[in-house]
Amino acid sequence: MPDNPDKHHDGPPSDPSWFERPGTVRLILWALYIACAGVFFADIAIPKHGPFAIEYIFGFYAIYGFVGCVGLVLAAKELRRLLMRPEDYYDR
Amino acid sequence: MIGELNPGLILIVGALLIPVAPQFLRGVITLVLPIIAAYHLVNLPLGNMGIIPLFGYELVTLRVDRLSFIFGLIFLLAAFMAAIYALHVKGWVEAMTSQMYAGSAVGAVFAGDLVTLFVFWEITAITSVFLIWARRTESAFNTGMRYLVIQVGSGVILLAGVMLHAHATDSIAFDQIGKITLDSDWSAVPIATWLILLSFGIKAAFPLLHNWLQDAYPEATVSGTVWLSAFTTKLAIYALARGFAGSDLLVPIGATMTAFPIFYAVIENDLRRVLAYSLNNQLGFMVVGVGIGTELAISGAAAHAFCHIIYKALLFMSMGAVLYRVGTVKGSELGGLHKSMPWTTVFCIIGAASISAFPLFSGFVSKSLIISAAMKEGYFWTWLILLFASAGVFHHSGIKIPYFAFFAHDSGKRCQEAPFNMLLAMAIAAALCIGIGVAPGMLYDILPYDVTYHAYTTEHVLTQLQLLLFSALAFAVLMQTGLYPPELKSTNLDSDWFYRRLGYNIAATLLLMSRETWRGLSRAATAAVSRLERNINRSHNPESVLGRTWPTGLMAFWATVMLGAYLVLLYFR
């Protein structure tokens, strides 16, 4: 995950923990990529029994999860234009 | 007879000791009461007990069956964990009202008739509002008022429904009330059934009836939110499972509930409000289960309520600990807290993994039942939405909550770890989340129906991991590319806008209009009166024709003229 130590930093001098080292972040990301690749290709070995045809598309759950989440976040971001008001909106 | 006592009454009556007890004993009482009640519950036989005749009806104050048992048990467990979490709270108001609140929820679950249900239903409303007011801010007071109006309103609607129902069916038994299917003739469904469904729907936070939840829960005290998260909404799920099982109208309602709150959760800044939105989303899964109504689905709804109460309490506990130590749970102001609160971080991640239904955590073994039931009954679109909502809940509760609170950019905030009692409560909840996830057999044994279900098949585990890991990948990609929306200080409009802003504006406008109308009318009336006065004045004032004084000489002259005229007339006769 990206790490922006300069942003909003009003605390004591930076004392990055193990989790905040760029090396760790890279490590976590790579672990995630490898795990994703692993479960994606494991799809060959999954014995699917469900009644819906769409489930049998190779990598359906992976693709659906990824596309669904990207869609969710981008749609929510657009919703902000419509819904977002100042924090004290109801107090004014 | 103690043997036929509703376990909820143990908490309600026992809580009356709290105000008179010294501070150190108050905590003990709050811990002991749920234990006594649970001991009493597990020793109760199945069946209807505590029957009181009333005006030709029968009040069944204690009904123990497998559906009420599992809900009663988890409510008492939640009360015990929340009591540990709240041990540091001084004073008696929160301690007493929270016990009574838990007690009334337990009481409602074991109510065998609708009148007893109504009584406990209203007590949950009246006692729980104090957990919001105890925050002692003006905004919490206003929120509490809105919450109380809606909660008591739900009770009033319930009462109206119950009276009509009793009149029509000559029974107040709380059994299946209606089965409203999508293809049935809705006009044939009695109004009483709709009213009772509406009342349950308000407490279950159905779409558009939901916003009291996101409004109120984040405004309650640190421990108050933990209490609130457990009882009211799950009581409504129980009531729906009891009264409306198999009403497939609930399937699209539940599916909507799983999906739309997660959009709000993504952009919400107050992390306890994010959790309130995801609570709403989890309720959706249970409502779908109730709507499908098969034995597997109802068992899934009960199992999911059981697990959900624990992990949702755990998540609210962890965010409560942050609020307690840092003074805020705004995502925009937090970050890097894993350095100050490592244990809270670990417990929060366990709660997050459970709500996300990671294999080996509790959410996985309960949510699978509902999703499998939807597949089995051929609800294709519902199944797709539930999958999307599962991915989404991982995204906002599983990743966003721990990430923005404990990691992300270092906010520079340094604080103490949470107090010991909070850590202990979180540890118990976390242990239960993992325990149920690893060994779901014990939970499956107490479900309302005997279901043989294997959560840990290769198919379930791998497809779930595909869904979740690729959701995580989506988060990572969006963060790396800077597309992820930053946490911003904001208020997001939701259905409460209709009464907090639109309703308020309409009322204010009506008030202004009626005031202006009154002013206009009174001005016109004043003008009319003064015009009349002016006209009268014109002829009758001292100087005018009819008002002025006349000289007596003139009078004598005219009298003489008249008499003369008479004389002339008489003369000619």
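Predicted model: local features only at pLDDT ≥ 70, side-chain atom pairs only at ≥ 80, totals over all residues.
Which residues in H14(B) meet which residues in H17(B)?

## Two packed helices in chain B

On the H14(B) side, the residues are B:Trp343, B:Thr344, B:Phe347, B:Ile350, B:Gly351 and B:Ser354. In H17(B) they meet B:Leu423, B:Met426, B:Ala427, B:Ala430, B:Cys433, B:Ile434 and B:Gly437. By type, the residues of this contact are nine nonpolar, four polar and no charged.

Two packed helices are described by the angle between their axes and the distance between the axes. Helix H14 covers residues 342-355 of chain B and helix H17 covers residues 420-438. They pack at an angle of about 35 degrees, with axes 10 Å apart. The crossing of H14(B) and H17(B) is left-handed.

## The nonpolar core

The largest nonpolar core has 212 residues. B:Phe75, B:Ala313 and B:Leu314 have the most contacts inside it. Helix H13 of chain B, residues 295-326, gives the most to this core, with 22 residues.

Leaving aside residues up to four places away in sequence, B:Ala313 touches B:Ala78, B:Met81, B:Ala82, B:Val226, B:Ser229, B:Ala230 and B:Ala429.

## Where the chains meet

Chain A puts 51 residues into the contact, and chain B puts in 50 residues. On the side of chain A that touches chain B, helix H1 (22-41), helix H2 (60-83) and strand E1 (84-85) each supply at least two residues. The largest share, 16 residues, comes from H2(A). This side of chain A consists of 32 nonpolar, 10 polar and nine charged residues.

Strand E1(A) is joined by two bridges to strand E3 of chain B, residues 491-492, and the two run antiparallel. Here A:Met84 stands opposite B:Asn492 in E3(B).

Terms used: Residues numbered from 1 in each chain as written. Chains lettered and ligands numbered in written order. Contact = placed C-beta atoms within 7 Å. Helix = DSSP H or I, 4+ residues; strand = E, 2+ residues; numbered from the N terminus. Nonpolar A, V, L, I, M, F, W, Y, C, P; charged D, E, K, R; others polar. Pairing = 2+ DSSP bridges. Core = buried A, V, L, I, M, F, W, Y, C linked by C-beta atoms within 7 Å. Buried ≥ 20, exposed ≤ 12 C-beta atoms within 10 Å, placed from the backbone. Axes fitted to C-alpha atoms, helices over the stretch in contact; angles between N-to-C directions. Left-handed = near helix turned anticlockwise from the far one by under 90°.
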